[in-house]
Amino acid sequence: MKHRSNTFASPLGPKGAGARLLATVHKYWFIYLLAVPGAVFLLLFSYAPMYGILLAFKDYKMNLGVWGSPWVGLEHYRSLFTDPSFIQAFKNTIIINVYHLLFGFSFNVFLALMINELQFRRVKGVIQTCVYLPYFLSWVIFAGLVQVFLQAPVPGDTGGVVNQIIVALGGEAIDFMKEPALFRSILVITNIIKTAGYSTIIYLAAIAGVDPTLYEAAAIDGGNRKDMLLHITFPRILPSVAVMFLLQVSQLFLSNFDQVYNLYNNFVLSTGDVLSTYIYRISLGGGAEFELSTAANLLLNVLGLIALVFSNKFVKKLDVMGIF
Amino acid sequence: MERTAAAGRYRRGMRQRFGFNFYDVFVTLFCITFALVCFYPMWYVFVASITPYEEFVKGGLMLWPSGGVDLQYYGTIFRNSSFVTSLWISATKTVVGTLLSLIVTSTMAYAVSKIHVPGMKTLNVLAVFTMFFAGGLIPTYILYLNMGLIRSYWVMVLPYGFNVTYFIIMRNYFSYSMPKDLEDAARIDGCNEIGVFFRVLLPLSKPMLAAVGLFIAVGFWNDYYSYMMYIANKPTLQPFAWVLRRVLTDSSMMSQMRTGALDLGAQLPPPMALRMATIICAMLPIMCVYPFLQKHFAKGMLIGAVKE
């Protein structure tokens, strides 16, 4: 196609490929110049590391380098799938992500609908300021807040507010951060508090695009506000909800390293260790299983790509309107 | 905007018609409760960090600073030398990194927005692909080792030079939000490509660059990952976010700080109080720029991220 159109376009007769390239570069040299720094950074810091993925199939020897080290085939994958802590981390990742999807995702939609229903503009503004705020704090800070809040009382230190309330009500203090049974709930709840406000933005934008005459028509027909919410607002944002849902499903194998790493400790490894923390822990974070870590990371990336391709297919099938 | 205004007018009318009912009470209560859940932890930590020792050990909900304001915990942490060093490191890497990232990312975003230029489609696909596929921890570490970046200051700056997320936002901005006629008009008036970029595009996109720069800066300020992975143990290069992490988790750091306070004759400060004061120090710069951040992303600038 390209070749033919080019021959037609140049009445001076067929040019060589090199001459054409030269002409293009000459015409757009400034655009190419602007692209160079970004392209160099992309190549150096995003693509060059991909070469090291070979490690997943090699027995790495520091002195031989990545290429020189001997091939071992799928050896690392064999040991990966027989490693109980990998299996555990894999399970935890999926379970935690399903929880995020069930509770976190539905809460986000609900919160957006509720914020939209607020009647007083000033109250709405204050509430939005409060709920967006945690998104901008890093997980280190936020995890610090969570720990301070849930702290169990120790001699010489008061416990966190939650435990003070429990004790004041006559209960027994709980060491929340060291309780494996509670850890996943803590992850889901802290994630809701930190990101729910931010996630409402997209739905609020979709709601703002709903035609107001629909509400007027409903009011004339005698509908109350609850009916309008269920039969006008909600169906109108459903496409955005579906897209966000699929996007989150596509991240089923990804885990939030920042969140888990800052909240977990050795007491809750059984329920809290996820793939990204596992990959860190067995390599730079104390272990020396460099090839195993690379192999796990490659597996994670490939699974993530597959999930992404599938959910993208569904997104394209949806008749999506508005912001997308 | 007109639509929302109309909807607002209409809704105010609705309220007059139906009065303030149970539905409104539920909605308002729900939103206020969640807003409090988001806000109260920060407020609690702030109040507790300025409460004098005698009041602090009593505990309580700390709704308001009782017994006066006492900044002794802040004095204690700022007397710690690694605190001051880390603040300096974080500040410089934030400024240098943000400038670098803005320049590298925005120039390429502009180039790729000229999608008719041969090669730009490929470059776009190559850039977006890195969102979903990366070399991983160890390959990256080995590469940085060969590049001599390990245990150097620049490992906290250079790898973030090109930022895919903001690349997509800026590319969409250049392709959809820029008035094309203006560019054409400049060309007709005899402006070349360079002139179009420097005299038309850059002045027009200043607000966008400022907003994206702010978000990038928050990212640099919060980043401790690059230090943890690629430097790990070099006190002179610690960023503030890492010191915060150590104060929260590392008991040796904590005891060092507490004994530092003891040397000065103050009573042994409770670890919790020091943690809280550190958290507030880390939050402060973000709180200062928060009004601007909120303004930009509430306006929906970041929604452009999803638009393809």
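Predicted model: local features only at pLDDT ≥ 70, side-chain atom pairs only at ≥ 80, totals over all residues.
Reader: Where in chain B does the pLDDT fall below 50?
Author: Chain B averages a pLDDT of 83, and 89% of the residues score at least 70. One stretch is below 50, though the model still gives that stretch 17 contacts beyond near neighbours in sequence. You'll find it at residues 302-308 of chain B.

Reader: How many helices and strands does chain B have?
Author: Of the 308 residues in chain B, 35% count as buried. Take contacts in chain B between residues at least 6 apart in sequence: 71% of them join residues at least 24 apart. As for the elements themselves, chain B has 15 helices and zero strands.

Reader: Which helix gives the most to the side of domain 1 of chain B that touches domain 2 of chain B?
Author: Chain B is divided into domain 1 (2-70) and domain 2 (75-305), and eight residues of domain 1 are in contact with eight residues of domain 2. On the domain 1 side, α2 and α3 (53-56) of chain B each supply at least two residues. The top contribution is five residues, and it comes from α2(B).

Reader: How do the residues of that domain 1 side in chain B divide into nonpolar, polar and charged?
Author: This is the side of domain 1 of chain B that touches domain 2 of chain B, and no charged residues turn up there. The rest split into seven nonpolar and one polar.

Reader: Which residues have the most contacts inside the largest nonpolar core?
Author: That core has 147 residues, and helix α15 (residues 271-298) of chain B gives the most to it, with ten. Leaving aside residues up to four places away in sequence, A:A296 touches A:L80, A:F86, A:L275, A:Y278 and A:I279. The residues with the most contacts inside the core are A:A296 and B:L244.

Note on methods
Residues numbered from 1 in each chain as written. Chains lettered and ligands numbered in written order. pLDDT = per-residue confidence, 0-100. Contact = placed C-beta atoms within 7 Å. Helix = DSSP H or I, 4+ residues; strand = E, 2+ residues; numbered from the N terminus. Buried ≥ 20, exposed ≤ 12 C-beta atoms within 10 Å, placed from the backbone. Domains from an automatic or database assignment. Nonpolar A, V, L, I, M, F, W, Y, C, P; charged D, E, K, R; others polar. Core = buried A, V, L, I, M, F, W, Y, C linked by C-beta atoms within 7 Å.
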